[in-house]
Amino acid sequence: MGRLDQGEYRNLMDSLNKVPGILQNVITKTEGRVKALSEYMKNRNNAYYLGRGIGVPLSMEGALKLKEIAYIHAEAYPAGESKHGPIALVEEGYPPVVFSILDDDNVDALLGNVMEMKARDAYTIGFVPEKYVSKFKELLSVTFELPNIDYRIAPIIYVVPMQLLAYYTAVARGYDPDKPRNLAKTVTVE
């Protein structure tokens, strides 16, 4: 634990070197659908972002961006903890529950979390690796198929369509995402 062997290191470095090209393909493939989804999102007042493992900080970033520039209340939770409070608010059409699904050991547990939200008629959105799309597609209201990439690198790729969702939602709500209200850079606040 905590150490990579030479082969694993080379594979990760190879994957990192491919990130710019992969990212360009992801933007090309998802931007139109993300923009269309922003038309739904612009009328929402709340959202949950759920993930497991590294998907939790990824979900936190997605929720933070939606909050910062689209002014929609968004909370991120570890998906396994959603049963202890947040799920009480989920009901028909709860807008939306966004899932960060990575290619790691949490896939089956996340499938159960998506089922729980869908059983309560939540509007579910998933950012899903290609190889798991068939597993999740029937349960998700909207599925974004993303590349199969090492889960440790995937957040670099997956965060971009989440940020685009916040961006286009802000624009659809009539806000300038480049000038968020009441925010200051950390270095300017004493």
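Tutor: Start with the salt bridge: a side-chain nitrogen of Lys or Arg within 4 Å of a carboxyl oxygen of Asp or Glu. The model here is predicted. In this model, the side chains of Arg152 and Glu8 form such a pair, at 2.9 Å from N to O. Arg152 is in the loop between β5 (142-146) and α5, and Glu8 is in helix α1, so the pair ties together parts that are 144 residues apart in sequence.

Student: How many salt bridges does the rule give by count?

Tutor: The count comes to 10 salt bridges. Another one joins the side chains of Glu39 and Lys42, at 2.8 Å from N to O. Lys65 also forms one with Glu61, where the closest N and O atoms are 3.2 Å apart. Lys65 and Glu61 both lie in helix α2, four residues apart, which is about one turn of the helix. Salt bridges that share partners also join Glu8, Asp150 and Arg152 into one network.

Student: How do I read the accessibility of the residues in these pairs?

Tutor: Take the relative accessible area: under 20% is buried, over 50% is exposed, and values in between are partly exposed. Arg152 has 32% and is therefore partly exposed. Glu8, with 28%, is also partly exposed. Glu39 counts as partly exposed at 42%, and Lys42 does at 28%. Lys65 has 21% and Glu61 has 22%, so both are partly exposed.

Student: Which order do helices and strands follow along the sequence?

Tutor: Begin with the totals, then read the order. The chain has five helices and five strands. Along the sequence the pattern is α-β-α-β-β-α-β-α-β-α. The radius of gyration is 17 Å, close to the 16 Å that the globule rule gives for 190 residues, so the chain is as compact as a globular protein of that length. The C-alpha trace spans about 50 × 45 × 35 Å along its principal axes.

Student: What share of the residues in the chain is buried?

Tutor: Buried residues make up 45% of the 190 residues. Ser59 is one case, in helix α2 (residues 55-70). Its relative accessible area is 0%, so Ser59 is buried. Leaving out residues up to four places away in sequence, Ser59 touches Tyr49, Leu50, Gly51, Ala76 and Ser100.

Student: Where is Ser82, and is Ser82 buried or exposed?

Tutor: Ser82 lies in the loop between β2 (73-78) and β3 (97-100). With a relative accessible area of 1%, Ser82 is buried. A polar atom of the Ser82 side chain lies 2.7 Å from the backbone oxygen of Ala79. Ser82 also touches Leu50, Ile87 and Met117, again not counting residues up to four places away in sequence.

Student: How should I read a loop residue such as Lys131?

Tutor: Look at its place, its accessibility and its contacts in turn. Lys131 sits in the loop between β4 (124-129) and α4 (133-136). At 46% relative accessibility, Lys131 counts as partly exposed. Its side chain makes a polar contact of 3.0 Å with the side chain of Asp103. Lys131 and Pro147 are 16 residues apart in sequence, with their C-alpha atoms 8.3 Å apart in space.

Student: Which residues form the nonpolar patch on the surface?

Tutor: Leu4, Tyr9, Met13, Leu16 and Ile156 form the nonpolar patch, with about 420 Å² of accessible area together. Helix α1 (residues 6-41) gives the most, with three residues. Ile156 lies in helix α5 (residues 154-172) and counts as partly exposed at 39% relative accessibility.

Student: What is the phi of Tyr71?

Tutor: Tyr71 has a positive phi of about 60° although Tyr71 is not a glycine. Tyr71 lies in the loop between α2 and β2 and is buried, with a relative accessible area of 19%. Asp121, also a residue other than glycine, has a positive phi near 65°. Asp121 lies in the loop between α3 (107-119) and β4, and at 44% relative accessibility counts as partly exposed.

Terms used
Residues numbered from 1 in each chain as written. Predicted model: local features only at pLDDT ≥ 70, side-chain atom pairs only at ≥ 80, totals over all residues. Heavy atoms only, no water. Patch = residues over 30% accessible without salt bridge, like charges linked within 9 Å, V, L, I, M, F, W, Y side chains within 5 Å. Areas by Shrake-Rupley, 256 points an atom, 1.4 Å probe, with all protein chains shown as cover. Helix = DSSP H or I, 4+ residues; strand = E, 2+ residues; numbered from the N terminus. Buried < 20%, exposed > 50% of the residue type's maximum accessible area, 1.4 Å probe, protein only. Polar contact = N/O pair within 3.5 Å; in protein donor to acceptor, adjacent residues only side chain to side chain. Contact = heavy atoms within 4.5 Å. Rg over C-alpha atoms; globule rule 2.2 N^0.38 Å.
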